[in-house]
Amino acid sequence: MNTPDHLTNDLLIRALDDELTPEEAEVIDPHLRVCEACKGRSAEFRFLSGKIESLVATAAGPAAAQRQALAHKLETQARSSLARRSSRLALGFGWTMALAASLALMAVLLPRWIHPVKPAGNTVAQVQSGMFEVDGENFILLPYSNPDLSTAAPHIVQMQVPVGSLAAAGITFEPVSNGAQGMDRSVLADVLFGMDGQPLGVHVVSLD
Amino acid sequence: MESVGNLAMAGAVWETDLLEDTSVQRLILEQYDREQLSLRRYVAFLGIDPETAFEIVQECFLKLQEHLLARGDRTNLRAWLYRVAHNLARNSQSAFRSSRTDFLADVTLAGDPPARSNSAEQDLLARERLDLMNSAIQALSPAQRDCLVLRSQGLKYREIADVLNLSTSTVGENIQRGLEKLKELL
């Protein structure tokens with residue numbers, strides 16, 4: 001590209017906006033450093049651009065703290081979206097209620113021990129999405145758990161849970177046990193039940 | 001006997017979704033911190049009152065969450081946000097067109113009050129300059145005005161083109177002609 005006598009408005013403005021191609025910039029930038037006429041026109045465009053920016057800045061009014069409100073709305077929307085997705089999954093695979101019912105029944109019939117979670121002392125703490133901690137024990141959140149349900153006074157039941165039920169709920173083990181026989185097996189797990197008697201989470205203790 | 005340590009939980013669909021939702025919310029709040037003021041200015045400059053501009057901007061970010069959770073395209077989210085804001089603002093204007101006849105009439109009235117240290121005379125001069133600029137911008141074509149306002153918020157030509165559904169070269173022409181016209185008028 002030859003060095004022009006003076007730059008066009010298009011080039012001057014694109015130079016201001018950092019929109020020149022590398023080839024154009026190679027010629028334009030040195031010219032702008034030495035040509036007073038082009039520097040002056042460039043300054044005019046910069047000044048005008050600044051005035052537009054100032055005008056637009058006055059339009060919004062004073063700032064306000066709305067971030068917290070947005071964070072709350074996002075959380076509500078995400079929960080409702082997740083509930084819809086979970087419900088679609090449940091309809092698709094039909095395991096949700098079956099697992100909930102089997103765990104609830106087993107809680108009555110097969111408890112090895114039951115202990116209530118101490119309500120005081122902040123023993124229940126959300127540690128990350130999908131996992132939560134109760135009494136220092138990490139539980140995997142079960143999909144039909146009610147996210148709005150208080151976990152202030154749940155209880156934990158230790159029981160044998162069929163591997164097949166857990167697999168149907170999306171919880172699988174690696175290395176995968178060999179075929180159907182593996183699915184017939186049970187694992188010892190702590191199941192956390194909420195105040196409504198529905199299982200909230202599961203923590204596998206051992207394969208015994 | 002297999003030890004508990006050899007067990008690895010995997011494939012919990014809802015867990016993945018929850019983790020993804022959290023990551024999406026974090027991404028959105030980061031975008032909000034970066035873009036909300038510029039977006040609000042842009043929407044307000046389109047003639048929307050400040051309170052409605054707040055609502056429109058929040059709506060943009062809620063729509064962004066829906067978009068991301070539906071695994072929408074993540075390239076150039078800034079242009080995506082401005083496009084949604086632009087459309088929401090235009091829809092809002094259509095709904096209230098009968099009560100709002102002057103596109104930019106309220107822009108200066110909605111602005112921050114002048115600093116207390118300014119004298120009344122300085123305030124008046126500042127207002128007059130803003131009004132003059134406002135009148136000059138009103139004389140531009142809508143495309144020139146939109147391009148210049150988006151440019152004033154730091155959008156690149158490619159992003160402006162995405163927001164307004166124009167080609168990059170048309171954006172460049174609108175910006176050039178808009179600035180040339182303003183230079184003549186002021």
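## Helix 5 of chain B

The buried residues in helix 5 of chain B are Gln144(B), Arg145(B), Asp146(B), Cys147(B), Leu148(B), Val149(B), Leu150(B), Arg151(B) and Ser152(B). The model is predicted. Helix 5 of chain B spans residues 142–152 and is mostly covered, with 9 of its 11 residues buried. Gly154(B) follows this helix, and its phi is positive, near 90°.

## Nonpolar cores

The largest nonpolar core holds 65 residues. Phe61(B), Ile175(B) and Leu182(B) have the most contacts inside it.

Take Leu182(B), setting aside its neighbours within four places in sequence. Leu182(B) is in contact with Leu48(A) and Ile52(A) in chain A. In chain B, its contacts are Met133(B), Ala136(B), Ile137(B), Leu140(B) and Leu148(B). Leu148(B) is also one of the buried residues of helix 5 of chain B.

Another core, of 14 residues, lies apart from the largest one. Its members include Val163(A), Leu166(A), Val191(A) and Val204(A). In soluble globular proteins, nonpolar side chains tend to be buried together.

## Strand 7 of chain A

Strand 7 of chain A covers residues 199–206. Of its 8 residues, 6 are buried, so the strand is largely enclosed by the rest of the structure.

Strand 6 of chain A, residues 186–193, runs antiparallel to strand 7 of chain A, and 6 bridges join them. Phe193(A) has Pro199(A), in strand 7 of chain A, as its bridge partner. Strand 4 of chain A, residues 137–141, is also antiparallel to strand 7 of chain A, with 2 bridges between them. Here Ile140(A) stands opposite Val202(A).

Notes:
Residues are numbered from 1 along each chain as its sequence is written. Chains are lettered from A and ligands numbered from 1 in the order in which they are written. This is a predicted model: local features need pLDDT of at least 70, side-chain atom pairs count only at pLDDT 80 or more; totals for chains, interfaces and linings use all residues. Side-chain values use heavy atoms; hydrogens and water are left out. A nonpolar core is a set of buried Ala, Val, Leu, Ile, Met, Phe, Trp, Tyr and Cys residues joined through side-chain atoms within 4.5 Å. Buried means under 20% relative accessible area, exposed over 50%, partly exposed in between (1.4 Å probe, protein chains only). Contact means heavy atoms within 4.5 Å. Helices (H or I, at least four residues) and strands (E, at least two) are DSSP runs, numbered from the N terminus. Two strands pair if DSSP finds at least two bridges between them.
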